[in-house]
Amino acid sequence: MIRRMQFALAAAAVSLSAVGMPAAAQTVMKVGTETNGVPFSFLDPATHQMQGFMVDLIQAVGKHAGFTPAVEAMDFSALISSLTSQKIDIIASAMYITDKRRQVIDFTKPVYTYGEGMIVPATDKTDYDSYQAFKGRVVGAQVGTVYGESLKNTGLFKEVKIYDTIPDIIRDVNAGRIDAGIADYPTLSYYLGLGQFPRTRLVQSYKASLPGSIGLGLRQGEDALKQKLQAALDEIKRNGELDALLKKWKLV
């Protein structure tokens, strides 16, 4: 009788313990993104929250892959070093997938493809179709992007000035300090569409020569995470969520 009572009490204790035990917390993944990469990622001044296509994308991926993204804003040039030093777990930004970057980090399959655009002072009415026309002149590009290195390697220009952000490039074109700026077309289009830089225009006749694709970045060798991310991206593409996000951020 005593043994039966001891067993019943023990069972009750286990049952109460299980009831009071919280469900396992969902995994949190630190996600690095760029502060000034509209419409892909940017800090909304009204809400002080990160927004943009890549921010929405990683939220959708996390929902399907079973983790909670903790989005951390930083300079574009700090993204790869933050990933390799394990300060973040994933890069969700407008970062081209290139062979050079693949030597350091890994990527999922591409989720979006686009090319560069050109801005010039509004007083320059020439219909440029290439940056070749700026031989011997001063142009600008963003640090850490493929554009700065590619422009320097041509040997065409008097100087290729490197800027921390795309708005910095636009300001110098707007002020007449450089002859042209080369940067992501969607981002240039977004900023100029705000009407804050009336002395700068986007060259509509320009033909992109440095197109690239973007995806999610992760550390090399993390095959399980890569499979999880890719499976979520495949599902988002299949069920129409990806198309909806592209339309929301006017990328189609």
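Reply: Happy to. Let's start with helix H5 (residues 146–154), which lies across strand S9 (116–121), S10, S11 and strand S12 (180–184) and runs at about 165° to S11. Helices (H or I, at least four residues) and strands (E, at least two) are DSSP runs, numbered from the N terminus. Axes are lines fitted to C-alpha atoms, for helices over the stretch in contact, and angles run from 0 to 180 degrees between N-to-C directions; contact means heavy atoms within 4.5 Å. Helix H6 (residues 166–174) also packs on the sheet, where it touches S9, S10, S11, S12 and S13, and its direction makes about 160° with that of S12.

A word on the source: this is a predicted model, in which local features need pLDDT of at least 70 and side-chain atom pairs count only at pLDDT 80 or more, while totals for chains, interfaces and linings use all residues. Residues are numbered from 1 along each chain as its sequence is written, and side-chain values use heavy atoms, with hydrogens and water left out.

Staying with H6, seven of its nine residues are buried, so the helix is mostly covered (buried means under 20% relative accessible area, exposed over 50%, partly exposed in between, with a 1.4 Å probe and protein chains only). The buried residues are Ile-166, Pro-167, Ile-169, Ile-170, Asp-172, Val-173 and Asn-174. After H6 comes Gly-176, with a positive phi near 80°.

Now for the sheet itself. Five strands make up an open sheet with mixed pairing, in the order S11-S10-S12-S9-S13; two strands pair if DSSP finds at least two bridges between them. Strand S11 (159–163) and strand S13 (200–202) are the edges, each pairing on one side only. From one strand to the next, the twist averages 30°.
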